[in-house]
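Me: I would like to learn how to read a ligand site in a model. Please take it one feature at a time.

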Amino acid sequence: MKIRQLFDYDTWTYTYILWDKTTLEAAIIDSVLENAQRDANHLKELGVAVKYLLETHIHADHITGAGKLRNQVGGQLVVHKNSGSECADILAEEGDIFYLGGHPINVIHTPGHTNNDISYHIEGAVFTGDTLLVRDCGRTDFQLGSNQAMYASLTQKLFTLPEETLVFPAHDYKGFSQSTIGEEKQFNLRVGQGKSYEGFATIMDGLNLPNPKRIDISVPGNLKCGLID
Ligand SMILES: N[C@@H](CCC(=O)N[C@@H](CS)C(=O)NCC(=O)O)C(=O)O
Ligand SMILES: [Fe+2]
């Protein structure tokens with residue numbers, strides 16, 4: 001399985017392209033509307049065919065490029081069933097498996113940042129959306145977020161994956177690009193070293209973050225797969 005990481009400088013978002021070397025079947029995770037043409041060009045350069053456009057959740061900070069890319073390059077758009085999306089091709093849930101060639105992509109429902117977060121686990125790598133960020137985790141204060149659900153997703157789901165599993169987040173605000181489950185179990189500032197739920201919730205309740213600048217257009221836009229014109 002090949003993995004390519006791309007970045008959006010305005011919203012600090014990572015987009016990923018995954019593909020099977022033999023069949024050249026590809027998936028693109030969390031494309032950003034403003035970069036859809038860049039991503040379409042890159043897919044063409046790589047010579048891959050998009051089978052799936054995988055969304056980790058309904059984003060609040062940017063509009064997805066998935067709908068626009070689907071129109072350009074094809075593929076099935078996947079969002080969690082809790083999203084209420086009317087434009088997705090597949091409303092995924094825990095345990096679903098998609099394939100790129102012989103490589104399985106496993107859907108793990110990891111709510112907490114929202115109620116519709118998916119982590120995509122693919123042979124030694126997990127794409128954690130805004131659930132697990134490097135040394136951090138997504139905020140829990142909007143979109144039906146929940147400290148309890150986030151704590152359970154991190155400690156009972158993601159931290160049960162093998163320690164060497166590579167972690168690829170949807171955002172980073174500090175300059176990191178990837179991690180491993182083992183590193184996060186040890187060094188994550190919010191849940192590392194077996195931190196208790198109470199300690200975790202105190203941190204989350206004290207964040208007092210301003211709303212994302214584009215939240216009012218992003219959430220409705222993403223429920224339309226970014227097809228807003
Ligand atoms: N300043 C950013 C805020 C982005 C934001 O709130 N990001 C969410 C993910 S959608 C988050 O969980 N951030 C974690 C944090 O800032 O600690 C914006 O306006 O877009
Ligand atoms: Fe998010």
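Me: Which residues are around ligand 1?

Reply: A residue is near a molecule if one of its heavy atoms lies within 4 Å of it. Around ligand 1 these are Asp61, His113, Asp130, Gly138, Arg139, His171, Tyr173, Arg190, Leu209, Pro212 and Lys213. This is a predicted model: local features need pLDDT of at least 70, side-chain atom pairs count only at pLDDT 80 or more, and totals for chains, interfaces and linings use all residues. Residues are numbered from 1 along each chain as its sequence is written, chains are lettered from A and ligands numbered from 1 in the order in which they are written, and side-chain values use heavy atoms, with hydrogens and water left out.

Me: How many residues of that shell are nonpolar, polar and charged?

Reply: Ala, Val, Leu, Ile, Met, Phe, Trp, Tyr, Cys and Pro count as nonpolar, Asp, Glu, Lys and Arg as charged, and the others, Gly among them, as polar. The shell around ligand 1 has 5 charged, 3 polar and 3 nonpolar residues.

Me: Which polar side-chain atom lies 2.7 Å from an oxygen atom of ligand 1?

Reply: A polar contact is a pair of N or O atoms within 3.5 Å. The atom belongs to Arg139. An N or O atom in the side chain of Tyr173 is 2.8 Å from a nitrogen atom of ligand 1, and a polar backbone atom of Lys213 is 2.8 Å from an oxygen atom of the ligand.

Me: How much of ligand 1 does the protein cover?

Reply: Accessible areas come from the Shrake-Rupley method with a 1.4 Å probe. Ligand 1 on its own has 500 Å² of accessible area, and the protein covers 81% of that.

Technical notes:
Polar contact = N/O pair within 3.5 Å; in protein donor to acceptor, adjacent residues only side chain to side chain.
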